[in-house]
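Please read the points alongside the sequence and the coordinates.

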Amino acid sequence: MTAVYLDHAATTPLRPEARAAWLAAQDIVGNASSIHGGGQAARRVLEESRERLAVVLGCDAVEVVFTSGGTEAVNLAVKGLWWSRPDGADTVVLPDGEHHATLDAVRWLVAHEGAIVKPVRLDGVGRIDASGFADALPGAALATALIANNEVGTVQDAAAMARAAGDAGVPLHLDAVSAFGHLPVSFRQWRADAVGAAGLVALSVSGHKVGAPVGVGALVVSRQSTPTPLQHGGGQQRGLRAGTQDVAGAAAFAVAAELAEHEREAEARRLDDLRDALARSIRSSLPDAEVLGDPVERIPGNLHVLFPGASGETLLFLLDQAGISVSTGSACQAGVPEPSHVVLALGRTEREARSVLRFTFGRTSTGADLTRVVAALPEAYARAAAAR
Ligand SMILES: Cc1ncc(COP(=O)(O)O)c(C=O)c1O
């Protein structure tokens, strides 16, 4: 029996069109910085890809800085904005429940650079407290926030956060990795009235979340912002990300992003239908289980469920044995499962934060997948609860 893949938020299958674009670009012999014909051929594919991705992201091509993925993009934004901060600014506005790429980059700044975190609380469904966010901004070195929480799926008001940062004169980075391809993302629109290096100045995206290969991502960096680079070398990409550029990765990313955007609205409806059907089935057959996150404003295809009395890890393992791939959503540190820091941030107990599963539907998901998971869950839950 084929496996049922319900972990599209972790990574989603490569799109055939992205694979074809990647292979075609790999056959070009030439470094995109070289002057000769081969180099110029590579440069053309690279710049055309940058242009196409910029259209999807709603920014100028020069603002697209290709990276090795979301983690590098987030690190470049968070550390780069910190290192280029105005004198005297020493706080970082950080909502609870951010992805580890952000959380650990900020923790590093705290440990090594004396940064002071101004935390912003989440409510019980994972929404960032808008007034708490605005109140934390004045005088901050930078602010950073997820557009949509990658675990519980709750979507934030990105436009309001961007406006508040612009009004406070603080540079804002938005992590759009989990939102891109599922929700409308427009750098230009969110930056609208901001001036200089304030307001929304940086936005992270990652290729493998939209059907490009793992290993390519991008940071949109406003023309008016100059974060300090993480790495130094050949001065590529406005000097913000030195290193020979990955033409094939860029080509595949542009193709995948265009397709994801083209399909976005229809696909969102389809994935929400699958997700809602799973939620209904869980509610009727497993009344103890509880769906977490915002019931309305959430990433299409994301269902996050608390299974009281069961370990999420055990459930994951039992479902895996039944050929169903899901996630607890949280990190595993040195092989030891951690309670989800996102679920803790919703005000839940540590025990509850170890009892969750994330189901994420995606492009290749079907009604047959839904049938399989609906059939397997009750027994898996009963066994996991008995094992605790
Ligand atoms: C919200 C969010 N930010 C950042 C990342 C890191 O992206 P990458 O896997 O491309 O390094 C992820 C990946 O799971 C994510 O979900």
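**Notes on the pocket, the ligand and the cavity**

1. Among the elements, α3 gives the most to the lining of the largest pocket, with 3 residues; helices (H or I, at least four residues) and strands (E, at least two) are DSSP runs, numbered from the N terminus. On a 1 Å grid over the protein atoms alone, a pocket is an open set with protein on both sides within 12 Å along at least five of seven lines, a cavity is a set of points where a 1.4 Å probe fits but cannot get out, and lining residues have an atom within 4 Å of a point.

2. This is a predicted model, in which local features need pLDDT of at least 70 and side-chain atom pairs count only at pLDDT 80 or more, while totals for chains, interfaces and linings use all residues. Residues are numbered from 1 along each chain as its sequence is written, and side-chain values use heavy atoms, with hydrogens and water left out.

3. The largest pocket holds about 570 Å³ of space, a volume being the space filled by probe spheres set on the points, which are joined across faces, edges and corners. Its lining comprises 38 residues, and those nearest the centre are Ala 9, His 99, Asn 150, Lys 209 and Arg 358.

4. The ligand takes up the space of this largest pocket (a molecule sits in a pocket if more than half of its atoms lie within 2 Å of its grid points). Residues around the ligand (a heavy atom within 4 Å) include His 99, Asn 150, Asp 175, Ser 206 and Lys 209.

5. The protein buries 84% of the 390 Å² that the ligand exposes when taken alone (Shrake-Rupley method, 1.4 Å probe).

6. Searching the whole structure gives 1 cavity of 30 Å³ or more, and the largest cavity has a volume of about 210 Å³. It is lined by 19 residues, with Arg 15, Gly 181, His 182, Lys 209 and Arg 363 closest to its centre.
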